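Visitor: Could you pick one part of this model and take me through it closely? I'd like the cut-offs spelled out as you go.

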Amino acid sequence: MSRLGKALLGLHAWGGMVFSWLLIPIFVTGSIAVFEPELTHWMQTRTFSPPTTPANAVALAEARLGEVGASAPVWRIQLPSSREPHIGIGWGTNPRRMQEETLEATSGTPMATRETAGGHFFTHFHADLLLGPPGRWIVGAAGLFMLAALVSGVLIHHRLIHDFFVLRPRAGKRRSWLDVHNLGGVAVLPFLLMITYTGCVILAETYMPAATHALYEGKHRAIRADVVKTFERRRSDIAAETLPLSDHLAAAEAIFGPGGVSSLVIRNPGDRAGLVQAYRRVDDRLSAVSEHVTFDATTGEVFGMQRDWNPMTFAYRTQVGLHVAHFGGPAIRWLYFFSGLLGALVMAVGTLLLLRKRRQKSGPDPAQRWLDAFSCASLCGIWTACGALLAANHLLPADLAGRPDYETRTFFFVWLASLLHASWRGDRAWREQGVLAALVCALCGASDLVLGGVDDPIRRGIDLGFFLCGLVLLSSSRRFFRQDAH
Amino acid sequence: MNTPASLPPRRRPRTTWAVDLLPRILAASLGGYALCWSLISLLCAWLPLSKPSLWFFTGQLVPLPFVGVLLWAFAASRAWQAVAYPLALAATLQTLAVLR
């Protein structure tokens, strides 16, 4: 192999292993986070409401907001959708920190929901490891390395087309593992390039504020103000009879099409200067931009509207849309889910190959033990930790104060325990933790499937998903982590 | 007998890490950051686009200089080249950006 080839292989293999300790958990949680609303539904153990019309939902939400939030200057209504079959309402002063409630979509009665970290935990962990801006730097660095690893992988593996048709499952352990790494890598390469590139673009706002400094004196808020039009006005303190919200909804649907409105924001309800803003749904287009129209609350006249975007903003938001996959419905979500997990598998097999080679060369020294331990915790431990989070969600008392914190702590505690266990058990940890992760996931899904009782397609889907993840983990632990696999 | 075979086995120099690998890692991270920052500054200074267009355009380019420098840092045949080239390029671009 040429000097250049060796250098790139060293970068790909060693860098790949170290960063895979972060990238595998990021890919696993990111794949799970594709189903964020469904997971939140599962974790709050909400009841499933049959579908209702948007007009009906808005009327129910308005009645409830009139009771609980009459004096609040801002209301928000999230209309039911197929993914979130309930009405979400919020009221308060600051649109970012509202009091929130979930209403049953057909009757409008408030639902008892559990306090939980929710599906958002997975998105949050995926994006910044729950560390805030420093976490976004770390994840951004891992993503940039991932891009370089993909490019160097292609450069090393120049017999790409040839090997695409070659899987040799019986050709000896090392060769067939390398086949899995190469074949899987080639199959998901377009997805990995896309998802990693767009992820790095999204995080760049935090780690690369060069343009913000050059153009906006480092002020992030100014960028949004430059591209998203806002239509607001001061309250008049004159009470006025306002039109029912369903009238505004009908006017908005005349613009965006039937079922085209996803949420409403009402500013200064009951005031002469009240405004009703309707946001268009974003789940039927690639670019994650939401058109919006604002009506005068008393007369129903259009106060302002934004349907056109700066082309560069639109392109940028298309990259965001490609990453978060709100478009395309269930088919795209499952495609993202499996592609993401396949990406994690490719990384895991690459790491295992390097570890195996090193073990043959230098024997089981202490360094090897820790390299193995980190790899095992990142691959098996993350599944156990995710499963434990969901188990804690269902097992912790429903009225426990600070439930979300306990759930999060369970996740990190189990993850740390998996690292310690792996460093203690050495080689045997792979199989033990693989089986443990499989059992946690499968039991979590199966028990809820049996005990859940009520007829709820979303909850059943999540249960089944976990059960299947458990089965796949179990069969792959048996296949891959046999003692002789190393 | 004083043939090469009787000499103690030569150990791999322990300085490889500090002399060869560390500069490359620094070049990959700091060099990449410097080049990306200066490239964006240059584009923001010279491209005839509106402010939001510039921001959202350059935002989409961020990964490219990083990946280029990262690969260069390990592909360069000598460590000093790995460090010097990206930094020199970044300094040039930043100078051109400031000239505006």
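Predicted model: local features only at pLDDT ≥ 70, side-chain atom pairs only at ≥ 80, totals over all residues.

Guide: Two strands count as paired if DSSP finds at least two bridges between them; helices (H or I, at least four residues) and strands (E, at least two) are DSSP runs, numbered from the N terminus. Residues are numbered from 1 along each chain as its sequence is written, chains are lettered from A and ligands numbered from 1 in the order in which they are written, and side-chain values use heavy atoms, with hydrogens and water left out.

Let's take the sheet of chain A. Its 7 strands run in the order S3-S2-S1-S4-S5-S6-S7, forming an open sheet with antiparallel pairing. Strand S3 (99-104) and strand S7 (302-306) of chain A sit at the edges with a single partner strand each, so one side of each has no neighbour in the sheet. On average, neighbouring strands are turned by 15° against each other, direction ignored; the axes are lines fitted to C-alpha atoms, for helices over the stretch in contact, and angles run from 0 to 180 degrees between N-to-C directions.

S2(A) and S3(A) pair in the antiparallel sense over 6 bridges, and a hairpin of 6 residues links S2(A) to S3(A). Within that pair, His86(A) stands opposite Glu104(A) in S3(A). Glu100(A) also lies in strand S3 of chain A. With a relative accessible area of 58%, Glu100(A) is exposed (exposed is over 50%, buried under 20%, partly exposed in between, with a 1.4 Å probe and protein chains only). Glu100(A) and Gly88(A) are 12 residues apart in sequence, and their C-alpha atoms are 7.3 Å apart in space. Setting aside neighbours within four places in sequence, Glu100(A) is in contact with Arg76(A), Ile89(A), Gly90(A) and Trp91(A), where contact means heavy atoms within 4.5 Å.

Further along the sheet, strand S5 (residues 275-280) and strand S6 (residues 292-296) of chain A pair in the antiparallel sense over 5 bridges. There, Tyr279(A) stands opposite His292(A) in S6(A). As for what packs on the sheet, helix H3 (residues 54-68) of chain A touches strand S1 (74-78), strand S2 (86-92), S3 and strand S4 (261-267) of chain A, and its direction makes about 35° with that of S2(A). Helix H10 (residues 245-256) of chain A packs on the sheet too, touching S1, S4, S5, S6 and S7 of chain A, with its direction at about 140° to that of S6(A).

A quick word on the partner chain, for context. 28 residues of chain B are in contact with 36 residues of chain A. Between them the two chains bury about 2,900 Å², 78% of it on carbon and sulfur atoms; buried area is the accessible area (1.4 Å probe) that two parts lose on being put together, summed over both. On the chain B side, Trp55(B), Phe56(B) and Gln60(B) lose the most area to chain A, together 26% of what that side buries.
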